[in-house]
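I opened a new notebook page for this structure.

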Amino acid sequence: VRSTIEPLTDGTQMGYALLMNKKKPLKARVMVSHAWDEPICDFVEAIERSEEKGPFWICALSIYQNNESSKGVTIAEQLGPDPKFGPFATVLRCAQLMLAVLTHECDIYTRLWCVYELFFAGE
């Protein structure tokens, strides 16, 4: 994310997915939850093994990856003060399903944010 997504979206005030599809934005069909610690190849392989069809909402590609207020809205501002109304909950309300990426590198059930996403998806 730091070496690829951040430089590509720097100053655009939009996530990579929207930047690539700004003429015809896509509505997410699948929200992907993962722990961030898995190698990218394991992450992609897990999504491929699911045999689900996108469009996929992946936070690192969908949220503008910015932590400097001088460059626009920050990640914290995008998330907002209440997760019930933030981008993750919004996507979970609209997506047809949620895909939890499980790998041998990290147990997503030890990640509070992942557990919250699973909880919210089950409501």
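I began with Glu45, which is partly exposed, with a relative accessible area of 43%. By the definition I used, buried is under 20% relative accessible area, exposed is over 50%, and partly exposed lies in between (1.4 Å probe, protein chains only).

Before going on, I noted that this is a predicted model, where local features need pLDDT of at least 70 and side-chain atom pairs count only at pLDDT 80 or more, while totals for chains, interfaces and linings use all residues. Residues are numbered from 1 along each chain as its sequence is written, and side-chain values use heavy atoms, with hydrogens and water left out.

**Salt bridges**

I found 3 salt bridges in the structure. The term means a side-chain nitrogen of Lys or Arg within 4 Å of a carboxyl oxygen of Asp or Glu.

Glu45 pairs with Arg49, and their closest N and O atoms are 2.9 Å apart. The two sit 4 residues apart in helix α3, so about one helical turn separates them. Arg49 counts as exposed, at 53% relative accessibility. Helices here are DSSP runs of H or I with at least four residues, strands are runs of E with at least two, and both are numbered from the N terminus.

Next I looked up Lys71. Its salt bridge goes to Asp10, with the closest N and O atoms 3.1 Å apart. This pair links distant parts of the chain, 61 residues apart: Lys71 is in the loop between α4 (59-62) and α5 (75-79), and Asp10 is in the loop between α1 (5-9) and α2. Lys71 is partly exposed at 30% relative accessibility. Asp10 is partly exposed too, at 42%.

Then came Glu52 and Arg29, whose closest N and O atoms are 2.8 Å apart in a salt bridge. Glu52 lies in the loop between α3 and β2, and Arg29 in the loop between α2 and β1, so the pair ties together parts 23 residues apart in sequence. Glu52 is partly exposed, at 28%. I also listed what Arg29 touches beyond four places in sequence: Glu52, Lys53, Gly54, Pro55, Ala95, Gln96 and Leu97. Contact means heavy atoms within 4.5 Å.

**The sheet**

In what order do the strands of the open sheet run? I read β2-β1-β3, with parallel pairing. Two strands pair if DSSP finds at least two bridges between them. The edge strands are β2 (56-58) and β3 (97-100), each pairing on one side only. Strand β1 (residues 30-33) pairs with β3 over 4 bridges. Met31 stands opposite Met98 in β3.

I then traced helix α3 (residues 40-50). Helix α3 lies across β1, β2 and β3, and runs at about 155° to β2. Such angles run from 0 to 180 degrees between N-to-C directions, with axes fitted to C-alpha atoms, for helices over the stretch in contact.

**The cores**

Which residues touch the most other members of the largest nonpolar core? Of its 13 residues, they are Met31, Trp57, Cys59, Ile63, Phe88, Val91 and Leu92. Helix α6 (residues 87-94) gives the largest share, 4 residues. A second, separate core of 8 residues includes Val30, Val32, Ala46 and Ile47. A nonpolar core is a set of buried Ala, Val, Leu, Ile, Met, Phe, Trp, Tyr and Cys residues joined through side-chain atoms within 4.5 Å.

Last, I returned to Met31. Beyond four places in sequence, its contacts include Trp57, Phe88, Leu99 and Glu117.
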